[in-house]
Amino acid sequence: MPTTETDEHKSLREAVAALGKRHGRDFNREQLWSEAAKLGYLGVNLPEAYGGGGGGIAELSIVLEELGAAGCPLLMMVVSPAICGTVIARFGTEAQKQEWLPALADGTRTMAFGITEPDAGSNSHRITTTAHRDGADWLLTGRKVFISGVDIADATLIVGRTEDSRTGRLKPCLFIVPRDAEGFTRRQMDMELQAAEKQFELTLDDVRLPAEALVGDEDAGLLQLFAGLNPERIMTAAFAIGMGRYALSQAITYARDRTVWNTPIGAHQAIAHPLAQAHIDLELARLMMQKAAHLYDAGDDVAAGEAANMAKYAAGEACVKAVDQAVHTLGGNGLTREFGLASLITAARVARIAPVSREMILNYVSHQTLGLPKSY
Ligand SMILES: Cc1cc2nc3c(=O)[nH]c(=O)nc-3n(C[C@H](O)[C@H](O)[C@H](O)COP(=O)(O)OP(=O)(O)OC[C@H]3O[C@@H](n4cnc5c(N)ncnc54)[C@H](O)[C@@H]3O)c2cc1C
């Protein structure tokens with residue numbers, strides 16, 4: 001794996017940073033989404049044969065990180081091109097690829113992703129949204145919570161389960177559920193987050209879906225699911241690193257200028273060193289994210305799984321610390337709307353919780369990597 005970025009990656013980073021700078025903190029989500037799509041950034045990871053850029057998660061994560069670093073992250077990138085686009089590109093039928101990939105790439109259609117359930121939470125083995133066959137159709141019933149962007153997405157990729165006809169065991173499967181499907185209702189959740197994307201509680205009440213709504217193979221659901229979850233973790237790392245960099249850059253500018261004794265506050269090591277530490281932590285997290293993206297794009301799903309978890313953990317922690325230190329650096333101004341940093345305190349926590357919490361990653365690393373016994 002190269003430890004420095006290629007010239008192509010550097011150019012992509014610069015071009016996206018310029019786009020982000022034009023939009024900035026007060027960005028209009030729809031405008032930025034369609035401009036990023038037109039420039040080929042949203043579909044950079046999708047196959048060229050279906051209108052994408054032919055790159056991978058390495059390129060897509062650069063796009064999200066740079067938009068975040070400019071103060072205008074597009075959360076739905078974690079979901080629409082990264083999870084849904086990847087799963088459909090790898091496992092979808094030809095008709096699903098034709099229908100969705102060019103539209104996800106050019107930004108004309110968006111897809112949300114729903115796995116989390118109220119009674120399962122971090123334990124996704126406990127999800128109970130279930131699909132039953134009804135003739136050639138499927139009937140899907142269940143509940144989901146915290147699903148982002150369902151109102152702006154044309155469809156949601158829902159993780160459900162079907163019953164194995166031989167063993168009776170429930171196995172995971174993925175369905176594309178159109179926004180206006182009968183029996184598919186949403187209620188906006190009252191979140192303390194300032195973001196363009198909202199979260200929803202979903203109810204699926206015997207939602208009738210045609211056979212073609214099932215993505216990929218009914219018997220390989222878990223494999224297909226993981227193909228989408230690793231990109232999700234890598235993209236959440238990119239989201240966190242971008243946000244951390246944005247907060248840090250605001251703090252650095254402020255610390256250079258603000259003088260209350262005889263020197264700018266940035267000359268005091270009590271202010272400078274934590275900012276330097278935050279920078280180092282973000283850089284380290286990015287290295288792990290690049291490793292994870294490299295492994296994923298090279299087709300090594302197992303090694304990518306471990307690296308993606310570690311990258312998400314490192315990036316979430318680095319982001320929370322960078323935002324906290326940035327807010328502190330601005331003193332009282334850290335809490336004013338004018339500087340807009342305080343709202344990032346809540347936003348940064350998302351990277352610690354979703355899509356998999358800090359503790360569940362520590363569980364994964366202690367069991368899978370270190371071979372320690374399981375406590376739960
Ligand atoms: C802003 C936002 C957007 C989201 N968007 C989406 C989306 O688009 N699609 C989607 O499907 N989901 C989405 N989620 C849901 C997210 O993935 C879940 O919140 C996350 O998986 C954690 O589940 P939970 O909230 O039920 O927490 P719980 O599982 O109830 O966990 C609560 C706490 O207990 C800890 N814990 C649980 N089990 C253990 C254990 N065995 N050992 C140690 N600690 C443990 C956790 O680490 C956590 O700190 C979103 C969440 C947020 C906040």
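**Close-up views of a predicted model**

**View 1. The hairpin of β2 and β3.** Start at G135, which takes a positive phi near 65° in this hairpin, where two residues sit between the strands. Keep in mind that everything shown here comes from a predicted model. Strand β2 covers residues 130-134 and runs antiparallel to β3, with five bridges joining the two.

**View 2. β2 alongside β4.** Here β2 pairs with strand β4 (residues 155-163), this time in the parallel sense and over two bridges.

**View 3. The shell around the ligand.** Count 22 residues surrounding the ligand, with G121, S122, S148, S357 and E359 the closest. Two or more residues each come from β1 (111-114), β3 (137-148), α9 (342-353) and α10 (358-369). Domain 2 (112-218) and domain 3 (222-369) each supply at least three residues to this shell. Sorted by class, the shell has 13 nonpolar residues, eight polar ones and one charged.

**View 4. Helices α7 and α8 crossing.** Packed helix pairs are described by two quantities, the angle between their axes and the distance between the axes. For α7 (residues 269-297) and α8 (residues 301-329), the axes come within 8 Å and cross at roughly 160°. Angles over 145 degrees count as roughly antiparallel, so that is how α7 runs relative to α8. The crossing of this pair, α7 and α8, is left-handed. Their contact has 22 nonpolar residues, plus two polar and three charged.

Notes: Residues numbered from 1 in each chain as written. Predicted model: local features only at pLDDT ≥ 70, side-chain atom pairs only at ≥ 80, totals over all residues. Near = placed C-beta within 6 Å. Helix = DSSP H or I, 4+ residues; strand = E, 2+ residues; numbered from the N terminus. Nonpolar A, V, L, I, M, F, W, Y, C, P; charged D, E, K, R; others polar. Domains from an automatic or database assignment. Pairing = 2+ DSSP bridges. Axes fitted to C-alpha atoms, helices over the stretch in contact; angles between N-to-C directions. Parallel < 35°, antiparallel > 145°, perpendicular 65-115°, else oblique. Left-handed = near helix turned anticlockwise from the far one by under 90°.
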